[in-house]
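Dear colleague,

I am passing on to you the structure shown below, together with some notes on what was found in it. Please read the notes with the sequence and the structure at hand.

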Amino acid sequence: MEQSQWYIGTPNGVVMCVDSRQEHQFQGRLYHAYSREGKRFGTMEQLLTLLEQFYNWMNFPYPGTDDRSFTETGKERIRSNHAAERTKIMKDEELLSRHGELGTFVIRVQHRQNSSWQGRITWMDKNKTVCFRSVWELIKLVDGALDTVCSEEDSQDEVSWTEG
């Protein structure tokens, strides 16, 4: 299989390995270049929380909006400015060698605007890359890909893996 779209291409690129899925909740591991250990997730909410924490730690992409708080004790976003803390441990080739049992996706969030994420996702198993405009589209793309893998009824949603 040609692997022309298998690349990380950004400091905050991650590889999401999906190992199982039940009732549109997928479970798996999340890898980035700054740790050899994958972070396990059991729900979409856990996945999104892990990704948001990672982007905050990287301070990239910089969020277009901050968390709101109406009290003086509101939590502040923790941002790391120490380059030593962000030293890559894994090369892109090693990162791209990780694979999930149901599917493997490279997620590259380019912007965090309008209280959501925008970027590109590559479905490594099919060597397809599409853009997403929101977290919702990202979730629908992964769920639609897993539908295909699990041979379930095709989704008629607007977001799809077809070349656009």
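A residue is called buried here when its relative accessible area is under 20%. By that cut-off β4 is mostly covered, since 7 of its 9 residues are buried. Please keep in mind throughout that this is a predicted model.

The strand β4 belongs to an open sheet of 6 strands, which follow the order β3-β2-β1-β4-β5-β6 with antiparallel pairing. Because β3 (39–41) and β6 (128–132) stand at the edges and have a single partner strand each, one side of each is left without a neighbour in the sheet. On average, and with direction ignored, neighbouring strands of this sheet are turned by 25° against each other.

Helix α1 (residues 44–58) packs on this sheet, where it touches β1, β2, β3 and β4 (103–111), and its direction makes about 25° with that of β2.

As for the individual pairings, strand β1 (residues 14–22) and strand β2 (residues 25–31) run antiparallel and are joined by 7 bridges, with Gln-22 standing opposite Gln-25 in β2. The antiparallel pairing of β1 with β4 extends over 5 bridges, and there Cys-17 has Thr-104 in β4 as its bridge partner. On to strand β5 (residues 118–123), which runs antiparallel to β4, the two are joined by 6 bridges, and Phe-105 stands opposite Trp-123 in β5. The hairpin of β4 and β5 has 6 residues between the strands, and in it Asn-114 takes a positive phi near 55°.

With kind regards

Conventions: Residues numbered from 1 in each chain as written. Predicted model: local features only at pLDDT ≥ 70, side-chain atom pairs only at ≥ 80, totals over all residues. Heavy atoms only, no water. Pairing = 2+ DSSP bridges. Helix = DSSP H or I, 4+ residues; strand = E, 2+ residues; numbered from the N terminus. Axes fitted to C-alpha atoms, helices over the stretch in contact; angles between N-to-C directions. Contact = heavy atoms within 4.5 Å. Buried < 20%, exposed > 50% of the residue type's maximum accessible area, 1.4 Å probe, protein only.
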